[in-house]
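Dear colleague,

Please find below the sequence and structure that I am handing over to you. My findings are set out after them.

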Amino acid sequence: MRDNDSATDLAPVALGGLGLAGLGVLVFSLSFPTTVFALEGLNPYLIGVGRSAAATVLAVIALAAVRARPPRPRQWAGLAVVGGGVIFGFPVLTTLALDHGASSAHAAVITGLLPATTAVFAVLRGGERPSRAFWAACTAGAAVVTGFAVLRGAGRVTGADLLLFGALLAAAAGYAEGGRLAREMAGWRVISWALVLVAPICVPVTLWLLATTGPRWTGHAVFGFGYLAAMSAYLGFFAWYEGLARAGIARASQVQLAQPLLTLLWAGVLLGELIDATTALAAVGVLVCVALTQRARVRNVPAPARTGGPEGPGLARYGTPTHDGKESVTSP
């Protein structure tokens with residue numbers, strides 16, 4: 001049973017699990033280019049932490065609008081993992097990597113490892129059991145990305161790469177835990193309550209950074225920070241966590257293998273970055289793994305139906321993953 005769903009909740013989006021995950025990926029694909037914009041006038045720590053502080057304002061408004069009751073006591077630990085992974089870990093580490101010289105295109109290809117690491121956490125926390133073919137496709141994608149990093153680093157992994165790899169682990173933990181919690185409460189509530197949980201840390205830190213780092217609010221900095229706060233740190237997770245819950249964490253996370261290609265496109269259009277043959281081939285290589293993982297069998301733990309919760313009757317029963325990753329939908 002999904003907690004905290006009521007007749008006043010946000011209406012479900014008429015998309016399947018993979019479609020919702022793809023929508024989230026589209027939003028996230030602009031994160032690196034907009035971070036580069038924000039770095040033109042803002043401190044990297046201010047960007048990494050401040051975007052979450054700004055998103056908290058949106059989360060409080062949304063939760064107040066539906067008069068949301070707090071999560072159950074057992075859910076707060078999972079929300080802490082979400083907060084540490086996608087609110088602190090990934091934003092701060094990726095911003096530092098870009099500030100340390102990694103291009104938006106380079107960072108995009110490295111983060112092609114994220115679906116594989118998320119699948120690992122899905123096994124550990126989500127109770128999913130991907131097939132051997134699934135793992136083979138994930139391993140192939142990981143090998144391509146690792147080889148790309150080593151090649152770009154002249155035979156070694158750079159400091160920026162280490163920051164990106166750390167960001168991958170943080171995001172994977174936050175994605176898997178958020179996807180698991182989204183089986184119990186609406187995906188938008190997961191990110192909203194996670195933001196509220198960490199607000200006592202990120203809000204004071206943001207105010208201190210605003211007062212001490214001398215931010216320059218250029219047009220690019222305002223646009224970049226605004227996008228990161230509203231979209232990457234908040235609204236993108238509405239679709240992303242819902243997609244993970246409906247289609248299964250391991251399977252839906254593989255849609256993110258398409259993110260490097262999308263980010264390469266934005267990097268070329270918005271930043272004028274030149275995409276060489278090696279980068280393009282690496283991006284295409286991980287994209288091929290998307291088709292392979294989608295054909296692989298994944299046994300999922302069925303998502304609980306969204307019936308009535310502590311706040312009243314639910315809107316509907318959402319798509320529930322079956323043993324082969326396809327969704328079965330029942331009406332209320």
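Predicted model: local features only at pLDDT ≥ 70, side-chain atom pairs only at ≥ 80, totals over all residues.

Residues are numbered from 1 along each chain as its sequence is written, and side-chain values use heavy atoms, with hydrogens and water left out.

**Overall make-up**

The secondary structure comes to 13 helices and four strands. Helices (H or I, at least four residues) and strands (E, at least two) are DSSP runs, numbered from the N terminus. Of the 332 residues of the protein, 55% count as buried; buried means under 20% relative accessible area, exposed over 50%, and partly exposed in between, with a 1.4 Å probe and protein chains only. Contact means heavy atoms within 4.5 Å. Among contacts between residues at least 6 apart in sequence, 87% join residues at least 24 apart.

A nonpolar core is a set of buried Ala, Val, Leu, Ile, Met, Phe, Trp, Tyr and Cys residues joined through side-chain atoms within 4.5 Å. The largest such core has 74 residues, and Tyr175, Trp240 and Tyr241 have the most contacts inside it. Helix 8 (residues 159-181) gives the most to this core, with ten residues. Apart from it lies another core, of eight residues, among them Leu42, Leu46, Leu209 and Leu228.

Leaving aside neighbours within four places in sequence, Tyr241 is in contact with residues including Val82, Val86, Tyr175, Val190 and Ile191.

Helix 8 has 23 residues and reaches 33 Å from its first C-alpha to its last, close to the 33 Å expected at 1.5 Å a residue; the expected span is 1.5 Å times one less than the number of residues. Helix 8 is mostly covered, since 18 of its 23 residues are buried. Glu177 is found in helix 8 and counts as buried, at 3% relative accessibility. The C-alpha atoms of Glu177 and Leu79 are separated by 7.7 Å, although these residues are 98 apart along the chain.

**Helix 1 and helix 12**

Helix 1 (residues 17-28) has twelve residues and reaches 17 Å from its first C-alpha to its last, close to the 16 Å expected at 1.5 Å a residue. Its buried residues are Gly17, Leu20, Ala21, Gly24, Val25, Val27 and Phe28. Seen down the axis of helix 1, these fall within an arc of 160 degrees, so they line one face of the helix. The arc is that of the directions from the helix axis to the C-beta atoms.

Helix 12 (residues 259-271) has 13 residues and also spans 17 Å from first C-alpha to last, close to the 18 Å expected at 1.5 Å a residue. Gln259, Pro260, Thr263, Leu264 and Ala267 are buried in helix 12. They cover an arc of only 135 degrees around the axis, which puts them on the same side of helix 12. Just after helix 12, Gly272 takes a positive phi of about 70 degrees.

How do helix 1 and helix 12 pack, and at what angle? The angle is about 35 degrees, with the axes 9 Å apart; axes are lines fitted to C-alpha atoms, for helices over the stretch in contact, and angles run from 0 to 180 degrees between N-to-C directions. The contact is made by Val25, Leu26 and Phe28 of helix 1 and by Gln259, Leu262 and Trp266 of helix 12.

**Individual residues**

Gly83 lies in helix 4 and counts as buried, at 0% relative accessibility. Leaving aside neighbours within four places in sequence, Gly83 is in contact with Phe88, Ala194 and Val198. Gly83 and Val190 are 107 residues apart in sequence and 9.8 Å apart in space, C-alpha to C-alpha.

Trp208 lies in helix 9 (residues 187-212) and is exposed, with a relative accessible area of 54%.

Arg67 lies in the loop between helix 3 (44-65) and helix 4 (76-99). Arg67 is exposed, with a relative accessible area of 75%. Phi of Arg67 is near 50 degrees, a positive value in a residue other than glycine. Most residues other than glycine have a negative phi.

With kind regards
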